[in-house]
Amino acid sequence: KKEANAMLFISDGNTSRTSDYAPIYGKNDLSLVDDLYTILYITSDNQPISAEIELQAGFVSNTYENGQGTIRFDHDIVELCTNAFKDCKTLTSITLPSNLQTIGLNAFQNCTSLINIIIPDNVTNIGADSFSFCNNLHTITIGQGVTIIGEDILRGCDKLEHIYGKFTSEDNRCLIFDNELRYCASYGLTEYTIPNNITSIGRYAFSNCQSLTNIVIPNGVVNIGYSAFYKCQNLVSVTIPNSIKNIGYTAFAYCNIIDLTIPNSVETIDQYAFLKCQSLNSLIINGTGQTVIKEGAFKLCTSLKTVEISGVRSTDVFIFRDCSSLEKISFLDDIEYIGQYLCLDCTSLKEVYVKSTTPHELRSDAFTYTTYNGVMENYQKLNCKIYVPTIAIDAYKSAVGWKEYASQIVGYDF
């Protein structure tokens with residue numbers, strides 16, 4: 001484009017004033033200025049939105065005419081402030097200025113009518129939660145200039161079908177940043193194989209995908225993040241590869257996985273990782289020898305019947321609490337520490353097998369159920385047999401924790 005600069009000189013014959021140089025645009029260039037100074041939008045009720053953007057420095061006006069809203073500033077719009085359009089629930093469409101560089105925290109959070117969004121190529125930074133809970137968002141295009149992506153930018157976008165532009169997978173389903181699958185546009189998917197070269201599945205990456213039944217995680221993935229598959233309630237099959245080291249907090253909570261094998265690469269099963277997986281029938285845990293299972297990891301898995309554990313160093317509290325169908329649990333090698341209330345209220349438990357010849361630490365009330373007398377809870381021993389190596393019966397019956405169950409300890413030839 002052609003552009004010139006000019007200054008204004010004013011004089012009354014005695015005194016004079018001279019302005020700074022300013023650009024002069026041709027008639028055809030006025031749209032460029034307008035583009036940099038304005039944000040255009042459409043609402044479902046044909047009314048102007050009320051938003052935090054109006055508090056941003058340089059704001060001039062917010063009008064709605066002829067089916068379109070216009071937000072004007074007195075300078076280039078290079079940043080959207082924190083919460084700029086948060087909770088604008090009637091916002092269906094928006095055109096961002098081409099010179100925009102930063103999208104602030106929560107900028108479009110909970111814009112529940114927003115359908116599509118294109119992030120301009122000049123944007124470098126997308127703040128955390130910027131589009132979270134836009135639960136009617138179908139597509140998003142990431143501009144080519146983006147270098148920083150905050151956490152959870154697409155959390156709760158349950159109808160997202162495609163992600164275009166920078167950092168996207170070949171099938172335009174996944175947002176991949178620093179080898180982490182930040183989010184999958186999983187709406188409508190029933191089966192999915194995660195792309196190769198991923199090392200981590202991020203927070204909420206597939207959460208609440210109601211159609212997903214089967215997921216294949218490729219070898220090379222090391223971490224399954226916080227709530228990664230939370231409430232994928234039709235997920236019945238998952239293959240966890242022998243590269244996974246950490247399964248995060250509530251990673252598969254409220255899924256309906258039927259059978260599960262944890263490979264011997266896993267070092268940590270975090271709190272409530274498989275909470276309330278009510279279709280889980282059998283569980284095999286093959287730990288590293290130092291694997292830790294944290295609080296409530298399999299709590300309320302009410303269909304779980306059999307558990308085999310090996311390679312586990314310790315279990316925290318309430319690991320199998322309220323697994324009301326659990327009948328048999330086997331510790332197939334040494335375990336240093338079994339936490340309190342391990343099988344609390346597992347009222348179907350009949351058999352516990354402990355293969356180690358050395359009775360390691362067992363916390364109190366590991367195998368108990370709850371009664372209530374109207375004032376307080378009491379704990380009673382479950383009516384189960386505890387099978388230990390025949391040569392170690394006396395050691396178990398006299399060991400701290402184990403001696404509480406002396407009458408239930410039986411010798412067994414493993």
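In which sense do S27 and strand S29 (residues 337-338) pair, and over how many bridges?

A: S27 and S29 pair in the parallel sense over two bridges. This is a predicted model, in which local features need pLDDT of at least 70 and side-chain atom pairs count only at pLDDT 80 or more, while totals for chains, interfaces and linings use all residues. Residues are numbered from 1 along each chain as its sequence is written, and side-chain values use heavy atoms, with hydrogens and water left out.

Strands here are DSSP runs of E with at least two residues, and helices are runs of H or I with at least four, each numbered from the N terminus. Two strands count as paired if DSSP finds at least two bridges between them. In S29, the bridge partner of Ser 314 is Tyr 337. S27 itself covers residues 306-315. It also pairs with strand S26 (residues 282-293), in the parallel sense and over eight bridges; in S27, Thr 315 is the bridge partner of Ile 293. Strand S28 (residues 328-331) runs parallel to S27 and is joined to it by four bridges, and in S28 the bridge partner of Ile 309 is Phe 331.

Seven of the ten residues of S27 are buried, so the strand is largely enclosed by the rest of the structure. Buried means under 20% relative accessible area with a 1.4 Å probe on protein chains only; exposed means over 50%, and partly exposed lies in between. In a regular strand the side chains alternate between the two faces of the sheet.

Next come the aromatic rings. Rings of Phe, Tyr and Trp (its six-membered ring) pair if their centres lie within 6.5 Å; planes under 30 degrees apart count as stacked, over 60 as edge-to-face and the rest as tilted. By this rule there are 24 aromatic pairs. One of them is the stacked pair of Phe 252 and Phe 274, at 5.3 Å centre to centre and 5° between the planes. This pair links distant parts of the chain, 22 residues apart: Phe 252 is in the loop between strand S23 (246-247) and S24, and Phe 274 is in the loop between S25 and S26. Both residues are buried. Phe 274 also pairs with Phe 298: the ring centres are 5.2 Å apart and the planes are at 0°, so this pair is stacked. Phe 298 lies in the loop between S26 and S27, 24 residues from Phe 274. The relative accessibility of Phe 274 is 1%, and that of Phe 298 is 0%. Ring pairs link Tyr 192, Phe 206, Phe 229, Phe 252, Phe 274, Phe 298 and Phe 320 into a cluster.

Glu 267 is in the loop between strand S24 (259-262) and strand S25 (268-269). At 40% relative accessibility, Glu 267 counts as partly exposed. Contact means heavy atoms within 4.5 Å. Not counting residues up to four places away in sequence, Glu 267 touches Lys 245, Thr 288, Gln 290, Thr 291 and Val 292.

Asn 214 is in strand S20 (residues 214-216). With the same exclusion of residues up to four places away in sequence, Asn 214 touches Thr 190, Glu 191, Tyr 192, Leu 235 and Ser 237.
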